[in-house]
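This report covers the packing of one protein chain.

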Amino acid sequence: MALKGLFDGRGDLEIVELESVPGYVVFDLPGADVSAGGTRLAPDVSVAEVALLARAMTYKFAALSAQVGGAKAGLRGDPAPSPGRDALMARYCAEIGPLAAAGRFLTGPDMGTAEEDFAPLRERRAAPGAMGAVIGGVPFEDLLTGYGVTAAADAALSARSGWGWEGRSVAIEGFGKVGGGVAREVTRRGGRVVAVSTVAGYIADPAGLDVEVLLALRRVHGDACVSRYGRPCGAPGELFTAVSADVVVPGTRPGVIGAREAEQLPEGVQVIAPAANVPYTAAGAAGLRQRGIVALPDFVCNAGAVIGYRSAADATPGEILAAVDEVITGLIREALSHPGGPLAGACERAAGFLRGWWGEPPPPPFAPDR
């Protein structure tokens with residue numbers, strides 16, 4: 001079925017309701033020969049959330065000058081490891097198999113899923129071998145996204161102050177798979193992780209948290225890792241208003257930075273570098289700009305995995321990381337030169353590409369104001 005004007009009355013979205021599992025696939029540009037985007041598994045995922053994420057994928061591919069429509073799948077279920085979860089993913093892959101084989105919907109990991117969940121879909125269309133690698137206990141796909149986010153922030157910090165991560169601090173919302181990748185790369189570049197959050201709460205230490213200890217705790221305790229670290233634990237949403245850091249990385253669900261969060265961010269925050277898609281509401285983005293906080297485009301910051309999946313089949317992890325660094329750094333530097341700020345610059349670039357390929361572009365991806 002098609003849902004007319006989910007955002008502002010312009011354009012159609014195609015929503016395919018799944019029959020074998022509770023969920024749906026949303027195509028942002030119905031009629032595109034190829035559409036792509038991840039598969040999200042969460043107990044409360046909604047069609048509106050999935051539609052926003054599909055829109056972000058459209059802008060992500062357009063920013064990369066790729067003639068690919070945005071799409072996303074949302075499955076309602078418990079992402080915790082269990083036989084039931086494995087069976088749900090197997091049924092899902094079997095149902096969307098014809099779409100994937102035809103190239104109409106290419107998908108991979110997102111929140112709650114991992115590359116191994118999509119093994120049945122890789123038999124005819126294999127992903128680059130490096131995307132299934134595990135490096136230092138972290139799946140390469142997650143490390144890659146975190147690497148791109150860190151590179152984007154590095155470019156913004158360097159443009160703003162003349163140097164990158166050395167001596168800088170970061171607060172990471174969502175210390176999951178991608179958040180762990182961000183944390184590792186920030187410390188490798190000379191920065192320190194001063195706060196992380198999960199659904200169980202947030203912890204902070206201005207001197208810097210021990211990332212390897214946190215990663216080890218997460219492997220054993222999951223989201224409860226924050227309560228096992230030995231620091232006082234606060235409510236997860238307080239990360240945005242209680243922790244002073246040079247860079248804040250939103251890494252969970254859409255719309256986490258609205259007008260209130262933009263107003264209440266501590267004075268020391270310089271850059272927002274999203275790991276998750278659609279973190280901003282329009283009012284939130286406007287509030288950040290008014291305060292002089294650099295709001296980087298989510299669909300560029302977290303494009304690392306897309307760049308990786310579009311790499312040559314025999315590309316090595318090192319080659320893919322180098323490509324991600326080059327492409328994302330270049331796009332962020334270009335966007336930073338826009339008079340309306342980097343978010344406006346990246347949206348304008350994507351919209352211009354869409355006009356040349358698709359036609360009048362759909363509106364940019366912003367979460368609804370609360």
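## Charges over rings

R189 sits over the face of Y147, 5.2 Å from the ring centre. A charge is taken to sit over a ring if NZ of Lys or CZ of Arg is within 6 Å of the ring centre and within 35 degrees of the ring normal. R168 is placed over the face of W163, at 3.9 Å from the ring centre.

## Basis of the values

The model is predicted: local features need pLDDT of at least 70, and side-chain atom pairs count only at pLDDT 80 or more, whereas totals for chains, interfaces and linings use all residues. Residues are numbered from 1 along each chain as its sequence is written, and side-chain values use heavy atoms, with hydrogens and water left out.

## Aromatic pairs

There are 4 aromatic pairs in the structure. Rings of Phe, Tyr and Trp (its six-membered ring) pair if their centres lie within 6.5 Å; planes under 30 degrees apart count as stacked, over 60 as edge-to-face and the rest as tilted. One of the pairs joins F27 and F105 in an edge-to-face arrangement, with 5.9 Å centre to centre and 75 degrees between the planes. Because F27 belongs to strand β3 (residues 23–27) and F105 to strand β7 (residues 105–106), this pair ties together parts 78 residues apart in sequence. Helices (H or I, at least four residues) and strands (E, at least two) are DSSP runs, numbered from the N terminus. F27 and F105 are both buried, where buried means under 20% relative accessible area, exposed over 50% and partly exposed in between (1.4 Å probe, protein chains only).

W357 and W358 form a tilted pair, 5.5 Å centre to centre with 50 degrees between the planes. W357 counts as partly exposed because its relative accessibility is 22%, and W358 is likewise partly exposed, at 34%. Ring pairs link F353, W357 and W358 into a cluster.

## Nonpolar cores

A nonpolar core is a set of buried Ala, Val, Leu, Ile, Met, Phe, Trp, Tyr and Cys residues joined through side-chain atoms within 4.5 Å. The largest one has 61 residues, and V196, V247 and L296 have the most contacts inside it. Helix α3 (residues 140–161) gives the most to this core, with 10 residues. A second, separate core has 18 residues, among them L18, Y92, L99 and L121.

L296 lies in the loop between β15 and α9 (298–301). Its relative accessible area is 0%, so L296 is buried. Not counting residues up to four places away in sequence, L296 touches residues including A152, A153, A156, Y280, I332 and P342; contact means heavy atoms within 4.5 Å. L296 and A152 are 144 residues apart in sequence, yet their C-alpha atoms are 7.9 Å apart in space.

## The buried side of α8

Which residues of helix α8 (residues 282–291) are buried? They are G284, A285, G287 and L288. These residues cover an arc of only 160 degrees around the axis, which puts them on the same side of α8; the arc is that of the directions from the helix axis to the C-beta atoms. An α-helix has 3.6 residues a turn, so residues three or four places apart point the same way.

The cover over the buried residues of α8 includes α7 (259–264), β14 (271–272), β15 (294–295) and α12 (342–357). After α8 comes G292, whose phi is positive, near 80 degrees.

T58 is in helix α1 (residues 47–63) and is buried, with a relative accessible area of 0%. Its side chain reaches the backbone nitrogen of G70 at 3.0 Å. Beyond neighbours within four places in sequence, T58 is in contact with D28, L29, G69, G70, L354 and P362.

T150 is in helix α3 and counts as buried at 1% relative accessibility. Leaving aside neighbours within four places in sequence, its contacts are W165, V182, E185, V186 and R189. T198, in strand β11 (residues 192–198), counts as buried at 7% relative accessibility. The side chain of T198 reaches the backbone oxygen of D223 at 2.7 Å. T198 and P236 are 38 residues apart in sequence, and 6.4 Å apart in space, C-alpha to C-alpha.

Conventions:
Polar contact = N/O pair within 3.5 Å; in protein donor to acceptor, adjacent residues only side chain to side chain.
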